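The sequence and the structure are shown first.

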Amino acid sequence: MFAENQALWWQPQTLLNEQSCKILLGPLQIFLQRNAGEWRLATELLTQAEHQHVESQLLTQWPQHRQASRFVFENEPLQFCLKPVLADRPVVVKTHQPVYVPPGEQVTFYISSPVSIRIELQQPNLLLQEVQTQRLSDTWFGPDTQIGELCYADKTQARHSKEELPKRVHKAVTPVTVKNNSSQMMSIEKLSLPVPYLSLYGLADGSLWTDQVLLDHHDDAELSRLQISKKMPAGSDGAERLAKPRLYMEKHGLFRAFSDLFAHAASRGSL
């Protein structure tokens, strides 16, 4: 990036007059150009692209045949900012292997979900476009078509250790702590991450994290208590809050733990 600290890619950046740039954030490719009295913007989602670091470069000219949106000004702003935000719906994730939590046990998983990028101009702040970094399909999360909510669907691994996490610039990590206070073995088939209720943080190494989610399950409980902790994981000191929650819940809100979320014994299929 053009900033002094390249890891902090969400900081404001400056483009000179008639200067163009291309930025790659995971699968999302962004083109920007500043001209006298206007900015030009184009985005593209690449297929099967996984990049561990942000890639950016200045261009000698706007790419030929690249269609762009034009934003016109009497006096155009000098800076732009790529602001990551969490999804506007919960994200339902499935792990690749069955996950079982014995009675009385507590375990923390680290689960990633893709962010969206708000492409903004600075001074004053002006949103040009919000675009997903990964195309997600729609899914319904609930026991039937009458009870539940519309979510996004994603596939990921529920990592048990932070050290196992692959670094993906377009994904934010949510620590999910599950407490099995029931008397039976619990298998987790799906998890619905309530990302619209979470804050997003950026760390000095360029990684993205969210608030921690706590799920507390009891015997025959149709409702399991969900809490959101503002305490960041150990080793995450100095985190900068990049985005507030899109939505807010009651202080002691109860979220329904659907049968899809918690299933006892091994009667369910793999995740």
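## Aromatic pairs and their surroundings

Trp 62 has a relative accessibility of 11% and therefore counts as buried, the cut-off being under 20%. The model that contains this residue is predicted.

The structure holds four aromatic pairs. One of them joins Phe 31 and Trp 62: because the ring planes meet at 65°, with the centres 6.3 Å apart, the pair is edge-to-face. Edge-to-face here requires an angle over 60 degrees. This pair connects distant parts of the chain, since Phe 31 belongs to strand 3 (residues 28-35) and Trp 62 to the loop between strand 5 (55-59) and strand 6 (69-72), 31 residues apart. Phe 31 is buried, with a relative accessibility of 3%.

A further edge-to-face pair is formed by Trp 39 and Phe 80. Trp 39 is in strand 4 (residues 38-45) and Phe 80 in strand 7 (residues 79-85), so this pair ties together parts that lie 41 residues apart in sequence. Trp 39 and Phe 80 are both buried. The geometry of the two pairs is set out below.

| Aromatic pair | Centre to centre | Angle between planes |
|---|---|---|
| Phe 31 and Trp 62 | 6.3 Å | 65° |
| Trp 39 and Phe 80 | 6.2 Å | 65° |

## Overall make-up and nonpolar cores

The protein has 24 strands and zero helices. It comprises 271 residues, of which 48% count as buried. If contacts between residues at least 6 apart in sequence are considered, 74% of them join residues at least 24 apart. The accessible surface comes to about 14000 Å², and carbon and sulfur atoms account for 45% of that area.

In soluble globular proteins, nonpolar side chains tend to be buried together. In this model, the largest nonpolar core has 49 residues, and the members that touch the most other members are Ile 30, Leu 32, Phe 80, Leu 82 and Ile 117. Beyond its neighbours within four places in sequence, Leu 82 is in contact with Trp 9, Trp 10, Ile 23, Leu 25, Ile 30, Ile 117, Arg 118 and Ile 119. Another core, of five residues, lies apart from the largest one; among its members are Tyr 110, Leu 165, Leu 203 and Trp 209.

## Two residues in strands

Thr 177 is located in strand 15 (residues 171-180) and is buried, at 3% relative accessibility. Its side chain makes polar contacts with the side chain of Thr 108, at 2.8 Å, and with the side chain of Gln 212, at 2.8 Å. Not counting residues up to four places away in sequence, Thr 177 touches Gln 106, Val 107, Thr 108, Gln 212, Val 213, Leu 214 and Leu 215.

Ser 137 is in strand 13 (residues 137-141). With a relative accessible area of 44%, Ser 137 is partly exposed. Its C-alpha lies 5.7 Å from that of Tyr 152, a residue 15 places away in sequence. Aside from neighbours within four places, Ser 137 is in contact with Cys 151, Tyr 152 and Ala 153.

Methods:
Residues numbered from 1 in each chain as written. Predicted model: local features only at pLDDT ≥ 70, side-chain atom pairs only at ≥ 80, totals over all residues. Heavy atoms only, no water. Helix = DSSP H or I, 4+ residues; strand = E, 2+ residues; numbered from the N terminus. Buried < 20%, exposed > 50% of the residue type's maximum accessible area, 1.4 Å probe, protein only. Polar contact = N/O pair within 3.5 Å; in protein donor to acceptor, adjacent residues only side chain to side chain. Contact = heavy atoms within 4.5 Å. Phe/Tyr/Trp six-rings, centres within 6.5 Å; stacked < 30°, edge-to-face > 60°. Areas by Shrake-Rupley, 256 points an atom, 1.4 Å probe, with all protein chains shown as cover. Core = buried A, V, L, I, M, F, W, Y, C linked by side-chain atoms within 4.5 Å.
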